[in-house]
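User: I would like to learn how to read a few features of a protein model. Please take them one at a time.

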Amino acid sequence: MSRVLNVAAAQLGPIQKSETREAVITRMIRLMDLAKAKSADLIVYPELALTTFFPRWHHEDRAEADHWFEAAMPNPAVQPLFDLARHYKMGMSFGYAELTPEGRHFNTSVLVDKEGSIVGKYRKIHLPGHVEYDPQRTHQHLEKRYFEPGDLGFPVWRTMGGLIGMCICNDRRWPETYRVMGLQGVEMVVLGFNTPSVNSQRNEEAADRRMFHHKLSLAAGAYQNSTWVVAVAKAGDEDGHHLMGGTMIVNPDGEIVAMVDGEEDGVIVHPCDLDDTQFGKETIFDFKRHRRIEHYGPITGQVGVVEPE
Ligand code: CDT
């Protein structure tokens with residue numbers, strides 16, 4: 001049986017602060033229509049897809065940011081997207097800010113199967129940025145203020161004929177993210193990102209360097225774990241703050257096979273053969289034969305650097 005998944009990477013252009021959830025969902029539906037016209041089985045949207053990238057805005061009282069969060073998923077604003085995905089028999093993944101019934105806050109993404117059921121939830125683990133307003137920076141990145149680190153690990157789900165995992169934005173820069181999923185046999189990692197085009201602490205590090213690091217991280221994660229990686233941007237100018245694009249699909253050899261040009265709403269669809277992951281998993285990255293865990297203790301035993309005496 002063919003294990004080709006037609007995957008749509010659905011980039012969103014900028015979402016301004018004033019834009020409603022309903023307006024964003026209308027844009028996401030349009031992308032889903034385009035993906036359906038190209039026979040997509042699965043559509044992937046960005047991190048925090050329903051709102052502007054609000055962690056750039058400082059609120060002294062953090063509760064003032066709660067209106068960016070979803071207390072239920074799905075909810076009435078998002079339901080039309082779920083309904084259409086089920087109608088099209090298309091799986092989907094998107095990110096949103098999650099407020100739990102206990103009042104906890106996470107940067108979350110969901111994986112929805114072709115029947116419209118949420119089969120997976122991931123909560124971002126590697127939160128970048130800072131907690132307090134930092135006047136030294138050219139812009140704020142307050143994810144550590146508004147979110148808790150995820151508490152669900154890096155699960156992989158058997159769905160849509162394959163083994164699919166999720167991570168979110170900054171997670172893609174960390175080899176541990178992919179390896180934990182690789183050890184569960186992951187065949188496709190889907191992720192969304194909001195990456196400012198300039199480093200707030202080093203202004204000369206601009207979009208080209210940021211794009212290089214983005215591609216490097218995806219290629220390394222894909223190749224070293226022999227998995228597809230689907231990375232989807234929210235891009236463009238949000239209320240004067242620029243996010244880079246770079247939506248792309250990377251094959252298990254680490255090669256970019258499809259990419260969205262520009263910084264507007266746009267979709268690419270690529271046939272991803274999950275069987276293409278087998279060769280790498282059975283040869284150079286056959287973990288069972290080649291890994292030497294007796295030497296990997298520091299990876300889970302310590303957080304920071306411990307220099308020799
Ligand atoms: N959203 C997100 O995780 N963005 C980060 C920016 C890092 S700079 C604080 C990223 O890794 O792209």
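User: Which residues lie nearest the centre of the largest pocket?

Analyst: First, the source. This is a predicted model, in which local features need pLDDT of at least 70, side-chain atom pairs count only at pLDDT 80 or more, and totals for chains, interfaces and linings use all residues. Residues are numbered from 1 along each chain as its sequence is written, and side-chain values use heavy atoms, with hydrogens and water left out.

Now the general idea: rolling a probe the size of a water molecule over the atoms shows where empty space is left. On a 1 Å grid over the protein atoms alone, a pocket is an open set of points where a 1.4 Å probe fits, with protein on both sides within 12 Å along at least five of seven lines; lining residues have an atom within 4 Å of a point. Here 18 residues line the largest pocket, and Pro175, Glu176, Arg179, Val180 and Ile299 lie nearest its centre. The elements giving two or more residues to this lining are α4 (175–182), α5 (207–225) and α8 (297–301). Helices here are DSSP runs (H or I, at least four residues), as are strands (E, at least two), numbered from the N terminus.

User: What is the volume of the largest pocket?

Analyst: A volume is the space filled by probe spheres set on the grid points, which are joined across faces, edges and corners. For the largest pocket it is about 380 Å³.

User: Which residues of helix α2 are buried?

Analyst: Buried means under 20% relative accessible area, exposed over 50%, and partly exposed in between (1.4 Å probe, protein chains only). In α2 (residues 79–88), the buried residues are Leu81, Phe82, Leu84, Ala85 and Tyr88. Viewed down the axis of α2, they fall within an arc of 165°, so they line one face of the helix. That arc is taken from the directions from the helix axis to the C-beta atoms. After α2 comes Lys89, with a positive phi near 55°.

User: How many disulfides does the structure hold?

Analyst: A disulfide is a covalent bond between the sulfur atoms of two cysteines. The test is a pair of cysteine sulfur atoms within 2.5 Å. The structure holds zero disulfides. For Cys167, the closest cysteine sulfur is in Cys169, 9.0 Å away, which is too far for a bond. Cys167 is buried at 1% relative accessibility, and Cys169 is buried at 5%.

User: Is His270 buried or exposed?

Analyst: His270 sits in strand β14 (residues 266–273) and is buried, with a relative accessible area of 17%. Contact means heavy atoms within 4.5 Å. Leaving aside residues up to four places away in sequence, His270 touches several residues, including Leu5, Trp228 and Ile249.
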